Amino acid sequence: MAKLGKYALMGNEMIETSEAKVSVASSAVLYGLSVYSVFFGKHTSDGILCFRIPEHMKRLKESAKMIGLSNIEEELAKDLDIERIKELIRINQPTTDQFFRVTVHATELVPGVRTSNLELTTSVFMYDAVNILPQDKARLKTSLWRRTADTAIPARAKVNGAYVNSALAKQEAIDCGYDDCLFLNQNGYVSELSAANVFMVKRGELITPDCASDILEGITRRSIIEIAKKLDIGISERKVALTEVYTADEVFACGTSAFVSPIIDIDGRQINAGQPGPVTTKLRQLLLEAQSDASSNWTTLL
Ligand code: PMP
């Protein structure tokens, strides 16, 4: 279990994380109506260097918009303040790298299944950054569960309730002795992992499922694409078949909590003779460097 910071923000209040609660009668608890994002903070001697906060906040707003949480702009203007997150860091005094989970909960009490005009409350808590996948040799199992379709609960929106889909598939993978699942969508194309995007390298090209493949549009995914472009690596965002991934030269997963994680086995098929490949290793190193670069416009020192 990750170590949580002692204090959290709940609306405007700074309280002990164990006391930061939403009601059992809220839409957040009853229907999973909350949206969230998690961003990474690198521990440095000057403070916590946070990665791509504006992009995380934009996606949070877009998630709320997609599911129709109509009061999101007013709520974030009222309750989400970077200066308060700075205070949170100061009071928690972290000694290692951190993840920050920002959630907007529908805290309205028993309004029935609807999403518009609900009371919203934002929470922020932080915890020691422990990666969710092995950072050298992860193994995946294609899930028996399919990714929720964009026409059911959009994977593009980071909605808490939708993570039942991820939990089912991840548990199935763990029960079968793997590290994580590989989701196919309703059309049988490769989508993503339980909480990370997937890339493959084939004949020198970097290939990843496109944004219509029922994926969350990961901020790490976008960062990897931007880094690869600078390296002049060809990139293709398109439909991906499972059998293409089986025969890829390299496969890796990426996400805030996965960083870049080399995949060396999918359904018992070895990838790159069971070793992290050179393109994966390079992109992984450049992402870690970008997260440690205080002079970059991708980072904010808090
Ligand atoms: N897909 C899913 C389903 C996720 O939960 C995550 C983690 N947020 C990602 C992909 C990766 O997204 P990001 O790089 O923005 O963390």
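**A loop residue and its surroundings**

Modeller: Asp 232 counts as exposed, at 73% relative accessibility. Here exposed means over 50% relative accessible area, buried means under 20%, and partly exposed is in between (1.4 Å probe, protein chains only). The model is predicted: local features need pLDDT of at least 70 and side-chain atom pairs count only at pLDDT 80 or more, while totals for chains, interfaces and linings use all residues. Residues are numbered from 1 along each chain as its sequence is written, and side-chain values use heavy atoms, with hydrogens and water left out.

Asp 232 sits in the loop between H6 and strand S11 (235-238). Helices (H or I, at least four residues) and strands (E, at least two) are DSSP runs, numbered from the N terminus. The backbone of Asp 232 deserves a check. Its phi is near 60°, a positive value in a residue other than glycine. Most residues other than glycine have a negative phi.

Ala 273 has a positive phi too, near 50°, and is likewise not a glycine. Ala 273 belongs to the loop between S14 and H8. With a relative accessible area of 62%, Ala 273 is exposed.

That loop also holds Ile 271, between strand S14 (269-270) and H8. Ile 271 is buried, at 1% relative accessible area. Setting aside residues up to four places away in sequence, Ile 271 touches Val 245, Tyr 246, Ala 248, Asp 249, Glu 250, Val 251, Ile 263, Ile 264, Asp 265 and Ile 266. Contact means heavy atoms within 4.5 Å. Gly 204 is 67 residues from Ile 271 along the chain, and their C-alpha atoms are separated by 15 Å.

Now the two helices. Helix H6 (residues 219-230) packs with helix H8 (residues 278-291) at an angle of about 110°, their axes 10 Å apart. Axes are lines fitted to C-alpha atoms, for helices over the stretch in contact, and angles run from 0 to 180 degrees between N-to-C directions. H6 is therefore roughly perpendicular to H8. Angles of 65 to 115 degrees count as roughly perpendicular, under 35 as roughly parallel, over 145 as roughly antiparallel and the rest as oblique. From H6, Thr 220, Ser 223, Ile 224, Ile 227 and Ala 228 meet Leu 283, Leu 286 and Leu 287 of H8.

The chain is divided into domain 1 (7-129) and domain 2 (138-291). Those bounds come from an automatic or database domain assignment. The C-alpha centres of the two domains lie 26 Å apart. Across the boundary, 20 residues of domain 1 are in contact with 21 residues of domain 2.

What do the domains share inside? The largest nonpolar core has 30 residues, and those with the most contacts inside it are Val 35, Phe 39, Ile 85 and Phe 100. A nonpolar core is a set of buried Ala, Val, Leu, Ile, Met, Phe, Trp, Tyr and Cys residues joined through side-chain atoms within 4.5 Å. H2 gives this core its largest share, 5 residues. The core draws at least three residues from each of domain 1 and domain 2. Apart from it lies another core of 22 residues, including Leu 184, Met 200, Val 251 and Ala 253.

Ile 67 lies in helix H2 (residues 53-67). Ile 67 is buried, at 16% relative accessible area. Beyond residues up to four places away in sequence, Ile 67 touches Leu 33, Val 35, Thr 115, Ala 157 and Val 159. Ile 67 and Ile 153 are 86 residues apart in sequence, yet 8.6 Å apart in space, C-alpha to C-alpha.

Last, the charged pairs. The structure holds 16 salt bridges. Each is a side-chain nitrogen of Lys or Arg within 4 Å of a carboxyl oxygen of Asp or Glu. Asp 180 and Lys 170 form one of them, at 3.5 Å, N to O. Asp 180 lies in strand S8 (residues 180-182) and Lys 170 in helix H5 (residues 163-175), so the pair ties together parts 10 residues apart in sequence. Both Asp 180 and Lys 170 are buried.

Arg 52 pairs with Glu 55, the closest N and O atoms being 3.2 Å apart. Arg 52 is buried, at 4% relative accessibility. A network of salt bridges links Arg 52, Glu 55 and Glu 226.
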